[in-house]
Amino acid sequence: MKDTSAVKDALRRQQIETPSWAYGNSGTRFKVFAQQGVPRTPQEKIDDAAQVHRFTGVAPSVAVHIPWDRVDDYAALAAHAKERGVRIGAVNTNVFQDDDYMLGSVTNPDPAVRRKALDHLLEAVDIMDATGSRDLKLWFSDGTNYPGQDDIRDRQDRMAEALAAVYDRLGDDQRFLLEYKLFEPAFYTTDLPDWGTSYAHCLKLGPKAQVVVDTGHHAPGTNIEFIVAFLLREGKLGGFDFNSRFYADDDLMVGAADPFQLFRIMYEVVRGGGYDVETGVAFMLDQCHNIEPKIQGQIRSVMNVQEATAKALLVDADALRSAQRSGDVLEANAVFMDAYNTDVRPLLAELREEMGLHPDPVAAYRASGYHQRIVEERKDGQAAGWGA
């Protein structure tokens, strides 16, 4: 077993980005249940994200989503975040909600619609310039529902053209993270359906194009840790959108459905060097809290990632490698499972106290009175939602 002091040192360096949209009224395709005290403005979303960082110590950035977080002055929004002790993280684009995008955005057969979508993507880079953000996150709902609806190859050409235009606009210290999704809302073909398609486009473009792995965007039974290991090996893993799924893109709290899978993923991150800050792998949450309290849900998700990471760091790499090389299947599995079965909660509680934090972030948040205060202060105005 590894020295716990080294594990603690690694965990101190962990940074997990929370999503602005998780603090507003967001949820499922069935119903979005409104809650009291949710933010009314992008500034209030940042205020709530700052609370997650305050009690966990490892969530120093918040992702924004345009147009859900549109403001007149993005530099001022970045300054507001800095005042609250956090920063603006990834800028997420939205080319899936306008009626014009019914048949696609950058792959739409209508060149005017493609131009509109590309202009939005380029605007997002302008916002990155204003906020100092490194990452542009791209997800496209583009696809078709029926055989013959559109030309599959032409749509790939249109996608490549749009991605190249965005790539050329990026600054030296900027990059884009290209997401993929198996299906929904396109059910016959999706233009970016899997990691291989995303990887192929990114590989052609260059080092500023990276793949992002959303843990809820795969077919049942997919070995996500294999994808992670492969992309790390190729230097193309840009980051994660962490959430959990039971059936499809459920956007539940990370680690809720299959904590063992999260551990396996984080082991491959550690094994492949992706946990080192210089590799640039972004650990982001992408969740919609429909029935659970927003801020507490984010705190719990951050803690779940911390626990999986701690277990991954505790894997005895020397013992595992020795068993693997000798072909001792059961011993190799036992070494792996020994780390997973370790209760790391005492270690993390001790670490938080060493960082000047309460050992139980959820209990500390509940005792802070913040939730009661925002419920009272945010009675008036329009609550933020995800625009569905």
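Colleague: What volume does the second largest pocket have?

Modeller: The volume of the second largest pocket comes to about 480 Å³, where a volume is the space filled by probe spheres set on grid points that are joined across faces, edges and corners. On a 1 Å grid over the protein atoms alone, a pocket is an open set of points with protein on both sides within 12 Å along at least five of seven lines, a cavity is a set where a 1.4 Å probe fits but cannot get out, and lining residues have an atom within 4 Å of a point. This is a predicted model, in which local features need pLDDT of at least 70 and side-chain atom pairs count only at pLDDT 80 or more, while totals for chains, interfaces and linings use all residues. Residues are numbered from 1 along each chain as its sequence is written, and side-chain values use heavy atoms, with hydrogens and water left out.

Colleague: Which residues lie nearest the centre of that second largest pocket?

Modeller: Of its 25 lining residues, Gln15, Glu17, Ser61, Arg87 and Arg134 lie nearest the centre. Strand 1 (16-19), strand 3 (87-92) and strand 10 (282-285) are the elements that each give two or more residues to this lining, and strand 3 has the largest share, with four. Helices (H or I, at least four residues) and strands (E, at least two) are DSSP runs numbered from the N terminus.

Colleague: And by class, what does the lining of the second largest pocket have?

Modeller: That lining has ten nonpolar, nine polar and six charged residues, with Ala, Val, Leu, Ile, Met, Phe, Trp, Tyr, Cys and Pro counted as nonpolar, Asp, Glu, Lys and Arg as charged, and the others, Gly among them, as polar.

Colleague: How many residues line the largest pocket?

Modeller: The largest pocket is lined by 38 residues, and Phe96, Trp139, Ser141, Lys181 and Pro185 lie nearest its centre. About 890 Å³ of space lies in this pocket, and its lining is made up of 13 nonpolar, twelve polar and 13 charged residues.

Colleague: Pro185, then: is the peptide bond from Glu184 cis or trans?

Modeller: The Glu184 to Pro185 peptide bond is cis, with omega near 10°, and Pro185 sits in the loop between strand 6 (175-178) and strand 7 (189-190). Glu184 is in the loop between those two strands as well, and its phi is near 80°, a positive value in a residue other than glycine. Another cis peptide bond runs from Ile66 to Pro67, with omega near 20°, and Pro67 is in the loop between strand 2 (61-65) and helix 3 (74-83).

Colleague: Changing topic, which residues line the largest cavity?

Modeller: Its lining consists of Lys181, Leu182, Phe183, Glu184, Gly216, His217, His218, Ala248 and Asp249. About 40 Å³ of space lies in the largest cavity, and the count of cavities of 30 Å³ or more is one.

Colleague: How many residues has the largest nonpolar core?

Modeller: There are 98 residues in the largest nonpolar core, and those with the most contacts inside it are Leu11, Phe140, Phe176, Phe240 and Phe242. Helix 9 (residues 294-313) gives the largest share of this core, nine residues. Such a core is a set of buried Ala, Val, Leu, Ile, Met, Phe, Trp, Tyr and Cys residues joined through side-chain atoms within 4.5 Å, and buried means under 20% relative accessible area, exposed over 50% and partly exposed in between, with a 1.4 Å probe and protein chains only. In soluble globular proteins, nonpolar side chains tend to be buried together.

Colleague: What does Phe140 touch?

Modeller: Leaving out residues up to four places away in sequence, Phe140 touches Val95, Ser105, Val106, Leu121, Met159, Leu163, Leu178 and Leu192, where contact means heavy atoms within 4.5 Å.

Colleague: And is Arg378 buried or exposed?

Modeller: Arg378 counts as buried because its relative accessible area is 9%, and this residue lies in the segment after helix 14 (370-377). Its side chain makes a polar contact with the side chain of Tyr370 at 3.5 Å; a polar contact is a pair of N or O atoms within 3.5 Å, where within protein one must be able to donate a hydrogen and the other to accept it, and residues adjacent in sequence count only if both atoms are side-chain atoms.

Colleague: Why does Lys204 count as exposed?

Modeller: Lys204 counts as exposed because its relative accessibility is 73%, and this lysine lies in helix 6 (residues 195-205).
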